[in-house]
Every structure is written in C-alpha cells, then in structure tokens.
Amino acid sequence: MPAAKMHADELDVDSALVRRLIAEQFPRWAGLPLADVPSAGTDNAMFRLGDDMVVRLPRRPGAAGQVAKEQRWLPLLAPHLPLPVPVPLGRGEPGPGYGQPWSVLRWLDGENAYDAPLADLTSAAEELGRFVAALRKADATGGPASWRGGPVGANDAHVRAAIRDLGAEGRVDAAAATALWEEVLRLPQWDGDPVWLHGDLLPGNLLTGAGRLTGVIDFGGLGVGDPAADTLAAWAVFTTGTREAFREAAECEDATWARGRGWALCFGLTAEHYYLQTNAVLAAVGHRTVAEALAG
C-alpha cells in the first residue's frame, strides 16, 4: 500500500464514505459486507462489496473520467477478450462528501501478479499476448484516446529529469538510459489507424491464481491509439527468455516492438522517479522495468 498521499489533489476515501454512498444510491446492497482492498494503484481506491462485487472510486479528480469510459466500453469489449475483465454492475454519482462519479463492478477472484507472481512465465506471456492481439483487433470506432496512445517522445522532459535524478542517486545507469532513449526518439511513429489498448499492463493489473494468469483489471488507461504501449508488459512483467513468446502471441512487428521498449523505459524511469517516496511497489516495478528494457 502507498505510504503517503501520492498526489497533491488526492481525495480522502474510506469505508465509512463508501458505506454511505452505497446506502444512498444502491440501498439493495447496503447490508452487504464491505472490505478495503489493499492496492498499490495510483488513481483509484477499491472496496470489496459482498462476495462478487467491487466498488472502485477515483482517488483524485483527474481520474474521474475513467468511470464513464469503463462503464461504456468494457461491456462491449469483454466478449471479444480471451481473459476475464471487470464488467460494470452500477454507476455511482457524486454525493455528500465525495464529488466524483464511481463504479460498482463484478469482482474477479485472484491476487495481483506483484504479490502472487506468475509461475509459468512462458504460458502467461502467450496468454497475455493473445489478449493484447484480441483487444487490438476489436472495433475501435468512437473509442477515446488512450493516455499512452500517442508518441512516447512527448514524455521527453520527464524522462530526462528522471535519468538525471536517478542517475545522480546511482539508481540507474544514466549513460545507458540516455543512449537508449535517444534511439527511441529516432524511431518511426505509428501511422496506422488507432487501435484499442489497455494502456497499463503492469503486474498490479494482472490477476493470478495458482501461479497462472486469470484476468486483467484496471482499464483506466483504456483507449485507442498506437498499440506500442501495450507491449511494455514484455519488460514490466516478463524476462529475456519469455519476451519472445509474448511478442509472437501479440503479433507485434519490429517498429511497434521497438516503440514498446521505449514505453517500458519511459514508464520505468518516470514511475520510479515520481513514486520513490510514496509508492514503494510501483517504484520497484519501475526500477525492474528499466533494468529489463536496458537488457533488451
């Protein structure tokens, strides 16, 4: 769990607030047990409601737009995907003490892949690769732009600041990171039609059971654009020996793969830089992702 507030505008969300919102807007569920779901997520707080539901509330105003997006698009995309994803069961409105929309979704059993790592990485790489390919092939007409659907080079200032500061602390090889980043900036950009991407395929957003991949959660980054960002899982989740299985299943050509490595470097550097003091889990994921990206 985060050690402190991660954002200056972070909202206070606790079980008492959630109980009040449920009682006011979904009274049929008011008597169900409610439990906080520990998470290293940065944008949403989660509370398990009964046995088969989860309440998901934005932690900050800037994440509130994720609610309408998930409510609209997840029911349409879920039937086309080879892994279970959360399906909305209810949409909450702003209420006393909480001025944002929120969601009730179907609970998916499993642990996140950071706390309960995947045992067979090759099989998981193939399964997640097929998930990425299926999402990319779904009809993207009218889809919203993903926050990672544009050129990775738009993050140049943040990446260079992270290299400077993390390099000074000895947390990254600044010369190697800079050299790879310069390569990324020279890559050809996506010139195809926008396609669907999850946008945030990190260990915390993958569910596992008995060491196997069982589901994909947190579609806050869902949107359309360049598919490269969904390949960052190759470096954030997998290893040198299992990346190719993911790539083959994801049907990823060379240019997209190279841009995906750039997204892995970008995510890893900026996540460790920003969350080093407030979210040890995400900072650790970022550090590992940078190491994997530099290794190739």
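A crossing of two helices is left-handed if the near helix is turned anticlockwise from the far one by less than a right angle, and right-handed if clockwise. This tour applies that idea to a predicted model, in which local features need pLDDT of at least 70, side-chain atom pairs count only at pLDDT 80 or more, and totals for chains, interfaces and linings use all residues. Residues are numbered from 1 along each chain as its sequence is written, and side-chain values use heavy atoms, with hydrogens and water left out.

**First stop: α8**

Select residues 254–275, which form helix α8. Helices are DSSP runs (H or I, at least four residues), numbered from the N terminus. The expected span of a helix is 1.5 Å times one less than its number of residues. The 22 residues of α8 should therefore span 32 Å, and the end C-alpha atoms are 31 Å apart, which agrees. At the start of α8, select Glu253 and Ala255: a side-chain oxygen of Glu253 lies within 2.9 Å of the backbone nitrogen of Ala255.

**Second stop: α9**

Axes are lines fitted to C-alpha atoms, for helices over the stretch in contact, and angles run from 0 to 180 degrees between N-to-C directions. The crossing of α8 and α9 is left-handed. Residues in contact (heavy atoms within 4.5 Å) include Phe267 and Tyr275 of α8 and Val285 and Leu294 of α9.

Select residues 174–185, helix α5. The axes of α5 and α8 come within 10 Å and cross at roughly 135°. The two helices are therefore oblique to each other; angles under 35 degrees count as roughly parallel, over 145 as roughly antiparallel, 65 to 115 as roughly perpendicular and the rest as oblique. This crossing of α5 and α8 is left-handed. Show Ala177, Leu180, Trp181 and Val184 of α5, which meet Arg261, Gly262, Leu265 and Cys266 of α8.

**Last stop: α4**

Finally, select residues 156–168, helix α4. The axes of α4 and α8 come within 9 Å and cross at roughly 60°, which makes α4 oblique to α8. The crossing of α4 and α8 is left-handed. Among the residues in contact are His158 and Leu166 of α4, with Cys266 and His273 of α8.

Definitions and conventions:
A polar contact is a pair of N or O atoms within 3.5 Å; within protein, one must be able to donate a hydrogen and the other to accept it, and residues adjacent in sequence count only if both atoms are side-chain atoms.
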